Amino acid sequence: MSHKRILRAVSAGILGAIFAAALFAGEVTHYSYAMQFRELPNAGPSALHLLGTDGLGRDLFARLIYGTRVSLLLAPAAAVMSTLIAGVFGGFAGLVGGWSERLILAAADLSMALPLLFVLLALRSVLPLDISPVLSVVATFILLGLLGWPSLLRVLWATARNFRNSDFLLLAHATGCGRWRMIRRHVLPNLRPVLFAQFWISIPLFVLTEATLSMLGLGVMEPLPSWGNLLRGLEDFSAVSTNPWRLSPLILLVLVVICFQLILPAQEEIA
């Protein structure tokens with residue numbers, strides 16, 4: 001087994017373990033993310049509280065596990081949404097061409113000219129700041145899914161455009177293959193590797209974007225935890241320097257992003 005395959009296997013194993021812990025958070029920790037131990041604010045790690053407690057006496061390990069569930073399980077949902085939007089419109093523009101291609105590409109270029117984070121901040125700030133935590137999660141990841149498609153569309157458009165006058169599509173058309181059958185039987189199988197790669201690329205991007213929004217107070221709202229609002233606890237450097245275990249959300253975030261980068265297919269494997 002090559003060195004690259006070993007790294008991918010290890011990265012996939014780490015991500016699988018983290019996903020499983022997030023999915024079965026109630027089995028991993030016996031505490032709720034909102035349970036308060038008022039007699040133990042800012043407590044250090046112990047057998048009962050593996051990462052100690054925060055200023056409100058909430059178990060930091062429980063909040064980390066439940067925050068991982070929010071950030072890591074909903075980011076793929078946003079990635080699916082943005083990849084489907086990019087696949088439908090990018091594939092259509094690449095295969096059909098003409099005025100529809102120019103219109104779709106112009107919309108994508110206009111969207112790419114606007115920084116994603118600034119657009120997210122503007123749209124999220126329009127929503128009430130006192131919405132429920134569950135609605136804040138839904139709103140954050142729907143916005144991510146709806147706004148994260150332009151760069152993906154460009155990649156899928158370029159791939160679909162290469163198929164427009166390809167020999168296998170011309171042959172299928174000459175044999176009387178209908179348009180929808182041609183797309184289903186010939187185009188989609190060839191686009192699948194690119195769609196898969198773009199989906200995996202989007203997940204760490206959305207994880208980091210959600211973390212940024214939540215750190216600014218415009219993402220997932222308290223008391224529901226996410227990596228972003230857990231990272232807000234790092235603003236007090238003096239507290240972090242004396243309690244280094246508070247860095248655990250940052251360490252986990254960096255680890256997950258690195259693992260995603262290691263399992264991404266290489267360019268020659270996508271082609």
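Leaving aside its neighbours within four places in sequence, which residues is Ile 203 in contact with? Select Ile 203 to begin: beyond those sequence neighbours, the contacts are Ala 75, Pro 76, Ala 79 and Phe 260. Please note that the model on display is a predicted one.

**The whole chain**

Colour the protein chain by secondary structure. The chain has 13 helices and 0 strands, so that its pattern along the sequence is α-α-α-α-α-α-α-α-α-α-α-α-α. The chain has 271 residues, of which 44% count as buried. Among contacts between residues at least 6 apart in sequence, 72% join residues at least 24 apart.

**The aromatic cluster**

The structure holds 5 aromatic pairs. Select Phe 199 and Trp 200, which form an edge-to-face pair, 5.9 Å centre to centre with 70° between the planes. Phe 199 and Trp 200 are both buried. Because Trp 200 lies in helix α9 and Phe 260 in helix α12, the pair ties together parts that are 60 residues apart in sequence. Phe 260 counts as buried, at 1% relative accessibility. To complete the view, select Phe 196 as well, since ring pairs link Phe 196, Phe 199, Trp 200 and Phe 260 into a cluster.

A charged residue over a ring can be viewed elsewhere. Select Arg 154 and Trp 157: Arg 154 lies over the face of Trp 157, at 5.1 Å from the ring centre.

**Helix α6 and Phe 141**

Move to helix α6 (residues 133-147), where Phe 141 is found. At 1.5 Å a residue, the 15 residues of α6 should span 21 Å, and the end C-alpha atoms are 21 Å apart, which agrees. Within α6, the buried residues are Ser 136, Val 137, Ala 139, Thr 140, Phe 141, Leu 143, Leu 144 and Gly 145.

Is Phe 141 buried or exposed? Phe 141 has a relative accessible area of 6% and is therefore buried. Leaving aside neighbours within four places in sequence, Phe 141 is in contact with Val 70, Ser 71, Leu 74, Ala 75, Ala 78 and Glu 210. Draw a line from Phe 141 to Glu 210: they are 69 residues apart in sequence, but 7.8 Å apart in space, C-alpha to C-alpha.

Next, select Arg 58, in the loop between α2 (25-28) and α3. With a relative accessible area of 9%, Arg 58 is buried. Its side chain is joined to that of Glu 222 by a polar contact of 3.3 Å. Not counting residues up to four places away in sequence, Arg 58 touches several residues, including Tyr 33, Met 35, Thr 53, Arg 63, Glu 222 and Pro 223.

Stay with the last two of these residues. The peptide bond from Glu 222 to Pro 223 is cis, with omega near 5°. Pro 223 is found in the loop between α9 and α10. Most residues other than glycine have a negative phi, and most peptide bonds are trans.

**Asn 42**

Asn 42 is placed in the loop between α2 and α3. Its phi is near 55°, a positive value in a residue other than glycine. At 48% relative accessibility, Asn 42 counts as partly exposed.

**Ser 248**

Ser 248 counts as buried, at 18% relative accessibility, the cut-off being under 20%. A polar atom of its side chain lies 3.0 Å from the backbone oxygen of Trp 245. Beyond residues up to four places away in sequence, Ser 248 touches Leu 51 and Leu 64.

Note on methods:
Residues are numbered from 1 along each chain as its sequence is written. This is a predicted model: local features need pLDDT of at least 70, side-chain atom pairs count only at pLDDT 80 or more; totals for chains, interfaces and linings use all residues. Side-chain values use heavy atoms; hydrogens and water are left out. Helices (H or I, at least four residues) and strands (E, at least two) are DSSP runs, numbered from the N terminus. Buried means under 20% relative accessible area, exposed over 50%, partly exposed in between (1.4 Å probe, protein chains only). Contact means heavy atoms within 4.5 Å. A polar contact is a pair of N or O atoms within 3.5 Å; within protein, one must be able to donate a hydrogen and the other to accept it, and residues adjacent in sequence count only if both atoms are side-chain atoms. Rings of Phe, Tyr and Trp (its six-membered ring) pair if their centres lie within 6.5 Å; planes under 30 degrees apart count as stacked, over 60 as edge-to-face and the rest as tilted. A charge sits over a ring if NZ of Lys or CZ of Arg is within 6 Å of the ring centre and within 35 degrees of the ring normal. The expected span of a helix is 1.5 Å times one less than its number of residues.
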